[in-house]
Each structure stands twice: as C-alpha cells, then as structure tokens.
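Reader: I would like to learn how to read a few features from a set of coordinates, taking them one at a time. Could you take me through them slowly?

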Amino acid sequence: RRMLSIQHNAQSHLINLDDVLKVNTGKKGQGKTEVVFERHKLDCNLSLSQLLGKLPRDFIQINRFDAINIAWISMVDQSERQVHLRNGIVCDIGDPFYKDLMKALTE
C-alpha cells in the first residue's frame, strides 16, 4: 500500500494514496490544499505544488486549482475538456495541462 504522511496544523495524518481522488487548492492566499477522498476532505498545510512534489506520477495537475489521481478517471470528455471521476466529480482540464494528461493516460 502506498502511504503518505501529511501535516495539518499540529496533526500528522497517514493517508493511503489509492483512496485519494484529487487534491485542490484551498482558500485563496492561505497556501494550503485539500486532499479529497470519496466521503471526506482533509486540509493540508502544503501548497498544491509542494504536495504534488511528494505525490507519485499518477497524480497529475489538470488545471490551476486541481490535480487528480488518474486511477479514479472514468472518462475524459475531449470536446468539453473535462475529466470525469468514478464517483461523479467532473473537473475542467486547462489548456496548458491537456497534453500532459493525455500523454499520462497513454503511457
């Protein structure tokens, strides 16, 4: 099992990376992210770019605010530039990130 320890305030959380759907930026200007699971979210003290540096390659940024676990993708709507996750979450794919996402899905 792939595990990662993340810090929020005075707490360290050990998370199973296979359970993480996506990570996204938290409130503007706070330099924090949210780690999104199927049934809950967990705040993290790291910025999105800092957290992405700790995550494996199957987490890929798809827009300025979101990075997804590609294992949770059920469909990529290329005409709408959206990714659909298995739990029903739909995220827009930013133009600068589209090529890298498509490449990651074909590797």
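Predicted model: local features only at pLDDT ≥ 70, side-chain atom pairs only at ≥ 80, totals over all residues.

Reader: Let us begin with a single side chain; is His8 buried or exposed, and in which strand is His8 found?

Author: His8 belongs to strand 1, which covers residues 3-8. Because its relative accessible area is 15%, and buried means under 20%, His8 is classed as buried.

Reader: Which residues does His8 touch, leaving aside those up to four places away in sequence?

Author: With those set aside, the residues in contact with His8 are His13, Lys32, Asp43, Cys44 and Asn45. There is also a polar contact of 3.2 Å, made between the side chain of His8 and the side chain of Asn9.

Reader: Which strands pair with strand 3, and over how many bridges?

Author: Strand 3 pairs with strand 4 (residues 33-37) in the antiparallel sense, over 5 bridges, and Lys22 has Val36 of strand 4 as its bridge partner. Strand 3 is also joined to strand 7 (residues 66-69) by 3 bridges, again running antiparallel, and there Val23 is found opposite Ala67.

Reader: What is the strand order in the open sheet of 3 strands?

Author: The order is 8-9-10, and the pairing is antiparallel. Strand 8 (73-77) and strand 10 (90-92) are the edges of this sheet; each has a single partner strand, so one side of each lacks a neighbour in the sheet. On average, and with direction ignored, neighbouring strands of this sheet are turned by 20° against each other. Within it, strand 8 pairs with strand 9 (residues 82-85) in the antiparallel sense over 4 bridges, and Val76 has Val83 in strand 9 as its bridge partner.

Reader: Finally, how is a pair of aromatic rings described, and how many aromatic pairs are counted here?

Author: Such a pair is described by how far apart the ring centres lie and by the angle between the planes. In this model the count is 0 aromatic pairs.

Reader: Which rings, then, have a charged end or an arginine over them?

Author: One is the ring of Tyr98, where the charged end of Arg81 sits 3.6 Å from the centre.

Methods:
Residues numbered from 1 in each chain as written. Heavy atoms only, no water. Helix = DSSP H or I, 4+ residues; strand = E, 2+ residues; numbered from the N terminus. Buried < 20%, exposed > 50% of the residue type's maximum accessible area, 1.4 Å probe, protein only. Polar contact = N/O pair within 3.5 Å; in protein donor to acceptor, adjacent residues only side chain to side chain. Contact = heavy atoms within 4.5 Å. Pairing = 2+ DSSP bridges. Axes fitted to C-alpha atoms, helices over the stretch in contact; angles between N-to-C directions. Phe/Tyr/Trp six-rings, centres within 6.5 Å; stacked < 30°, edge-to-face > 60°. Lys NZ or Arg CZ within 6 Å of the ring centre and 35° of its normal.
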